[in-house]
Amino acid sequence: MDGLHDMGGRQGFGAVRYAPNASVFHAEWERKANFLYGLAVRLGIFNMDEYRHAIERMSPYHYMSASYYERTLTSLATLLVEKGITTQAELEAIAKGKFPLAGPSAPGRSNHPDRQRFKPGDRVWVRNEYFAGHIRLPGYIRGKQGVVVRETPAYPFPDAHAHGIEAENEPTYDVAFRTEDLWPDASDSAIVNVGVFQSYLQI
């Protein structure tokens, strides 16, 4: 889905802020939220693609105003409510106030019916498709051409895995893109390597 979470290549947000040697957690609730999300994945309550998609489904205002662990907590809470483990009312009783959740999900999809195998050196195009459900395709490479560098082991296809749809695992391909092709007249000359699932590519 197209949303504010897909910020690669976008301008206007200023320099990336970072603090050398920063702590992983800045408050105890962040540590607990991270632990609970990891535990839920290990217990099979939800998978990583469901987790990512719940973050994508946050309202734009909520997403932009939330910290990293607030997004983790929102995704965790949303999925626990959707899986019937708790309710929003129970969460709000504990929080003693509003507890915002992510919005509803769109349907998923299975692997592309015309998948192809590629080898290093192949010139490939990224499919210029728009999809309302979860997708691991960065928007800035949609419709662009690159060169395959290597193939990686197969993983669950995220467009299906985030929605409980049966699908074959498939490889990703490391694809090299020229910055001039991604952002004409707007970047220095360089190569950007992106891991792209097989279903997103074509000759």
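Ser75 is buried, with a relative accessible area of 0%, where buried means under 20% relative accessible area with a 1.4 Å probe and protein chains only. The model is predicted, so local features need pLDDT of at least 70 and side-chain atom pairs count only at pLDDT 80 or more, while totals for chains, interfaces and linings use all residues. Residues are numbered from 1 along each chain as its sequence is written, and side-chain values use heavy atoms, with hydrogens and water left out.

Ser75 belongs to helix α4 (residues 68-82), helices being DSSP runs of H or I with at least four residues, numbered from the N terminus. Not counting residues up to four places away in sequence, Ser75 touches Tyr51, Ala54 and Ile55, contact meaning heavy atoms within 4.5 Å. A polar atom of the Ser75 side chain lies 2.8 Å from the backbone oxygen of Tyr51.

Tyr51 is also part of an aromatic pair with Tyr37, and both of these residues are buried. Rings of Phe, Tyr and Trp (its six-membered ring) pair if their centres lie within 6.5 Å, with planes under 30 degrees apart counted as stacked, over 60 as edge-to-face and the rest as tilted. A search of the whole structure finds eight aromatic pairs, including these two:

| Pair | Centre to centre | Between planes | Type |
|---|---|---|---|
| Phe25 and Tyr69 | 5.3 Å | 40 degrees | tilted |
| Tyr37 and Tyr51 | 4.1 Å | 20 degrees | stacked |

Phe25 lies in the segment before α1 (28-42) and Tyr69 in helix α4, so their pair ties together parts that are 44 residues apart in sequence.

How values were computed: Helices (H or I, at least four residues) and strands (E, at least two) are DSSP runs, numbered from the N terminus. Buried means under 20% relative accessible area, exposed over 50%, partly exposed in between (1.4 Å probe, protein chains only). A polar contact is a pair of N or O atoms within 3.5 Å; within protein, one must be able to donate a hydrogen and the other to accept it, and residues adjacent in sequence count only if both atoms are side-chain atoms.
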